[in-house]
Amino acid sequence: MDAPQTDVLSIEEIPVDEDDDLGSIALVTIQRPDKLNSLNAEVMSSLKEMVTWAEATESIRVVVLTGAQPNEPPEGKRAKPNAFVAGADITEFVGMQSDAIRLKFTDNAVEALWDLSKPTIAMVDGFALGGGCEIACSCDLRIASERSRFGTPEVNLGLIPGYGATQRLTHLIGYGKTMEMIMTGEMIDASEAHRIGLVNHVCESEDLLDYTLNMARIIGSKSSYTLRFGKQTIRASLDLGLTEGIAYEAEVFASLFGSKDQEIGVHAFVNREKPRWEHK
Ligand code: COA
């Protein structure tokens with residue numbers, strides 16, 4: 001299946017390892033820089049198609065999601081700011097009523113991305129606001145440039161977040177900080193986002209791509225089979241109580257014994273070899 005490129009979404013397939021056949025990292029870029037990569041209907045449907053493609057394409061090991069850099073401004077005009085995603089496209093809210101919005105926000109691309117069984121990384125360089133902050137929260141990891149800013153400013157539109165921040169952000173940064181972000185609508189900078197656990201790493205913007213791809217390469221070199229169960233089991237902690245969660249983990253851990261990649265991994269360690277996973 002070919003990668004579903006559209007006017008608003010580009011996909012580059014980057015080898016996990018130049019010298020080895022370990023599959024690819026999908027570098028997915030939202031291409032609406034003039035509107036700060038805000039999420040209009042076309043972006044959302046393209047993202048959903050991308051998720052379907054990434055899930056079905058065995059060679060895709062890790063998905064990195066980012067926003068396009070600003071275009072050169074026309075003569076005499078100021079450059080647009082850098083953005084990961086500045087939220088839902090607010091112009092699409094004009095005149096909208098609950099029934100239509102409910103349809104639009106149910107079964108959306110943010111949930112599709114959350115449900116992708118493969119590892120996902122949000123590479124944030126600039127504004128990650130509203131739906132942008134939420135789409136980053138629906139990825140497994142977040143890596144940001146030092147000039148990035150995060151926020152949930154929906155309160156300024158007479159709204160609350162609609163792509164999961166009241167739930168996923170709470171799990172990431174805790175109840176108190178989520179209350180503060182959603183109630184004030186104020187932005188926080190990258191170092192504060194790092195301090196409160198909203199982002200995993202912060203680096204200079206010129207290093208962001210290398211840093212992110214390096215992490216994607218490390219993850220992409222592991223067994224995709226093992227990673228899938230790791231992700232699924234960590235996710236279970238969001239829905240299960242501690243006792244049930246520990247029991248669930250023990251069951252998955254035990255079930256991995258007998259998998260080919262567990263045999264390969266243990267054998268490689270004992271023999272001081274590099275593991276050659278069955279599920280690359
Ligand atoms: N939806 C639609 N268009 C958006 C947008 C959004 N969420 N965010 C930015 N844009 C558009 C602007 O309308 C502007 O378009 P134009 O140049 O055709 O007029 C362009 O992107 C650049 O944004 P601008 O506001 O001029 O940049 P700025 O540097 O002055 O301000 C922000 C940057 C991010 C502070 C400001 O754009 C903003 O507050 N955006 C909305 C954020 C938000 O509320 N998101 C949650 C939505 S639920």
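**Loops, helices and strands**

Mentor: Start with N37, which counts as buried because its relative accessibility is 0%. Buried means under 20% relative accessible area, exposed means over 50%, and partly exposed lies in between, with a 1.4 Å probe and protein chains only. This is a predicted model, in which local features need pLDDT of at least 70 and side-chain atom pairs count only at pLDDT 80 or more, while totals for chains, interfaces and linings use all residues. Residues are numbered from 1 along each chain as its sequence is written, and side-chain values use heavy atoms, with hydrogens and water left out.

Trainee: Where is N37?

Mentor: N37 sits in the loop between β2 (24-30) and α1. Helices (H or I, at least four residues) and strands (E, at least two) are DSSP runs, numbered from the N terminus. N37 is not a glycine, yet its phi is positive, about 55 degrees.

Trainee: And R272, what is its phi near?

Mentor: Phi of R272 is near 50 degrees, a positive value in a residue other than glycine. R272 lies in the segment after α11 (260-270).

Trainee: Is R272 buried or exposed?

Mentor: R272 counts as exposed, because its relative accessibility is 80%.

Trainee: Back to loops. Where is T57 found?

Mentor: T57 is in the loop between α1 (41-56) and β3. T57 counts as buried, at 12% relative accessibility. A polar atom of the T57 side chain lies 2.6 Å from the backbone oxygen of W53.

Trainee: What is T57 in contact with, leaving aside its neighbours within four places in sequence?

Mentor: Leaving those aside, T57 is in contact with M1 and K118. Contact means heavy atoms within 4.5 Å.

Trainee: Helices now. Which residues of α6 are buried?

Mentor: In helix α6 (residues 175-184) they are T178, M181 and I182. Seen down the axis of α6, these buried residues fall within an arc of 90 degrees, so they line one face of the helix. The arc is that of the directions from the helix axis to the C-beta atoms.

Trainee: What do the buried residues of α6 pack against?

Mentor: They pack against β8 (149-151), α5 (165-173) and β9 (188-189). After α6 comes G185, with a positive phi near 70 degrees.

Trainee: You mentioned β9. Which sheet is it in?

Mentor: β9 belongs to an open sheet of 4 strands in the order β4-β6-β8-β9, with mixed pairing. The edge strands are β4 (83-85) and β9, each pairing on one side only. Two strands pair if DSSP finds at least two bridges between them. β8 and β9 pair in the antiparallel sense over 2 bridges, and F150 stands opposite I188 in β9.

Trainee: How many residues of β5 are buried?

Mentor: In strand β5 (residues 120-124), 5 of its 5 residues are buried. T120, A122 and V124 point one way from β5, and I121 and M123 point the other way. In a regular strand the side chains alternate between the two faces of the sheet.

Trainee: Which strands does β5 pair with?

Mentor: Strand β3 (residues 60-67) and β5 pair in the parallel sense over 3 bridges, with A122 in β5 as the bridge partner of L65. β5 and strand β7 (residues 141-145) also pair in the parallel sense, over 4 bridges. M123 stands opposite I143 in β7.

Trainee: New topic, R235. Which helix does it lie in?

Mentor: R235 lies in helix α9 (residues 224-239). R235 counts as buried, at 18% relative accessibility. Leaving aside its neighbours within four places in sequence, R235 is in contact with W114, S138 and D140.

Trainee: What joins the side chains of R235 and D140?

Mentor: A polar contact of 3.3 Å joins them. A polar contact is a pair of N or O atoms within 3.5 Å; within protein, one must be able to donate a hydrogen and the other to accept it, and residues adjacent in sequence count only if both atoms are side-chain atoms.

Trainee: Last one, the ligand. Which residues come nearest?

Mentor: Of the 17 residues around the ligand, K35, K80, A86, A88 and I90 come nearest. Near here means that a heavy atom of the residue lies within 4 Å. A backbone N or O atom of A88 lies 2.9 Å from a nitrogen atom of the ligand, and a polar side-chain atom of R78 lies 3.2 Å from an oxygen atom of the ligand.
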